[in-house]
Amino acid sequence: MLPGLYIHVPFCRSKCPYCAFYSIPSSSLIPIWLDGLKKEALLYKGQFDRFDSLYIGGGTPTFLSRRTLAGMMEHLFTHFDFAPDSEITIEANPCDLSDDKIRMLRELGFNRVSLGVQSFDDAVLRCMGRRHTAEEAKKALARLRLFGFDNVGVDLIYGLEEQSLKEWIDTLNCALSFHPEHISCYELTLEKKTVFGRLQQEGKIQPLSEEDGRSYFLTTSQVLTESGYIHYEISNFARNHACRSRHNRKYWQHVPYLGLGPSAHSFLQRDRWWNVRSVREYCAALGKGLPPVKGRETLTDEQLRLESLALGLRIREGVDLRHIASAPQSGTTLSRMEAAGLVKVMDGRIIPTEEGFLVADHLPVCFFP
Ligand code: SF4
């Protein structure tokens, strides 16, 4: 796989109470952000080989005007090299997708849309502070098909107290009725610096219990795999191998990626660096000709190996057995894991099962305590 390019658009029309991503519910800083982004892109010109994926995420990229999106895309295509068959994704909010906007996305070269649906139940959407309705999401999905998008992803979230397992299954079935190429299903996490996180601290809302989380996870996997989807990463399902997110797979396989924009992360060979979060700080650094980098690290061989193991145990492709060769008692540990139904060993690789996905964060520690 060739390297991937990620652009962080830190703007949303409103802030959802569960969201911990860096985004501002305002458009006033968009012009200086775009100016900064263009400068930052120039700093990395020639440092990465040709890209074969571009992912515009956020925030809400479809909140940007035609002029801003066109200016950004033109700059990226002018200064970076992309393979002809590149996967070019934009994250979209259903209520932004008018006919004109979708037509514009196609004209700008996007060939994949990741739609933030979250739920097909209006009561759940209201609790999540989403600004779209279930009907708007359905119309957006239908419209994307009408305008020729044949690679569409649907993002869904479960775990709200107001939600029931039945409603979640209805949401999954509604998503399936549109035959999306990709479905992501995330458990709601109550992050500290969010409105929901505060409500949890005040004892007003609770996260899913471990038992319920397990039940939602396994039900999700069952419903989607029975409909023919591949459960190829803990939270991600694809209609077939070709429909897996090319861009996101790079994050899990140590393929180089460049992230531009506030809070974006990058990885090249064994170096990782990440940008400042604040748009103003980001622009101020670039105004002085400096990279807006907040921190960086260089991974040792040991760290690379451990990280590859941890990442590999989160994807269906699994990880080469060589990654545990130096682990103390690797054979015994592996046998125990197999007996517990957490992994399978096939063709020299350790492959996590659904049960293994559930405890993926703990698996590497079993090999390297
Ligand atoms: S969840 Fe999406 S739309 Fe909501 S605030 Fe976060 S980035 Fe914006």
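How are H6 and H8 oriented relative to each other, roughly parallel or roughly antiparallel? The views below take up this pair first. This is a predicted model, in which local features need pLDDT of at least 70, side-chain atom pairs count only at pLDDT 80 or more, and totals for chains, interfaces and linings use all residues. Residues are numbered from 1 along each chain as its sequence is written.

**View 1. Helices H6 and H8.** Helix H6 covers residues 165-176 and helix H8 covers residues 210-226; helices (H or I, at least four residues) are DSSP runs numbered from the N terminus. Their axes come within 11 Å and cross at roughly 30 degrees. Axes are lines fitted to C-alpha atoms over the stretch in contact, and angles run from 0 to 180 degrees between N-to-C directions. H6 and H8 are therefore roughly parallel to each other (under 35 degrees counts as roughly parallel, over 145 as roughly antiparallel, 65 to 115 as roughly perpendicular and the rest as oblique). The crossing of H6 and H8 is right-handed, where right-handed means that the near helix is turned clockwise from the far one by less than a right angle, and left-handed means anticlockwise. Leu165, Trp168, Ile169 and Leu172 of H6 meet Ser215, Tyr216, Thr219, Thr220, Val223 and Leu224 of H8; residues are in contact if their C-beta atoms, placed from the backbone, lie within 7 Å. By class, this contact has 7 nonpolar, 3 polar and no charged residues (Ala, Val, Leu, Ile, Met, Phe, Trp, Tyr, Cys and Pro count as nonpolar, Asp, Glu, Lys and Arg as charged, and the others, Gly among them, as polar).

**View 2. Helix H1 against H10.** The axes of H1 (residues 30-43) and H10 (residues 279-287) come within 9 Å and cross at roughly 45 degrees. That angle makes H1 oblique to H10, and the crossing is left-handed. On the H1 side are Ile32, Trp33, Gly36, Lys39 and Glu40, which meet Val279, Tyr282, Cys283 and Leu286 of H10. The contact is made up of 6 nonpolar, 1 polar and 2 charged residues.

**View 3. Helix H1 against H2.** H1 also packs with H2 (residues 66-79), at an angle of about 5 degrees and with the axes 10 Å apart. H1 is therefore roughly parallel to H2. Among the H1 residues in this contact are Leu34, Leu37 and Lys38, and the H2 residues include Met72, His75 and Leu76.

**View 4. The largest nonpolar core.** This core has 74 residues, and Val113, Leu115, Leu156 and Ile183 have the most contacts inside it. A nonpolar core is a set of buried Ala, Val, Leu, Ile, Met, Phe, Trp, Tyr and Cys residues joined through C-beta atoms within 7 Å. Beyond four places in sequence, the contacts of Leu156 include Val117, Thr171, Ala175 and Ile183. Another core, of 7 residues, lies apart from the largest one and includes Leu313, Val343, Ile350 and Leu363.

**View 5. Ala137 and Ser209.** Ala137 lies in helix H5 (residues 134-146) and counts as buried because it has 26 C-beta neighbours inside 10 Å. Ser209, in the loop between helix H7 (195-201) and H8, has 9 such neighbours and so counts as exposed. The cut-offs are 20 or more other C-beta atoms within 10 Å for buried and 12 or fewer for exposed, with partly exposed in between. Not counting residues up to four places away in sequence, Ala137 touches Pro94, Val117, Phe120 and His132. The C-alpha atoms of Ser209 and Gly159 are separated by 9.2 Å, although these residues are 50 apart along the chain.

Key: Contact = placed C-beta atoms within 7 Å. Helix = DSSP H or I, 4+ residues; strand = E, 2+ residues; numbered from the N terminus.
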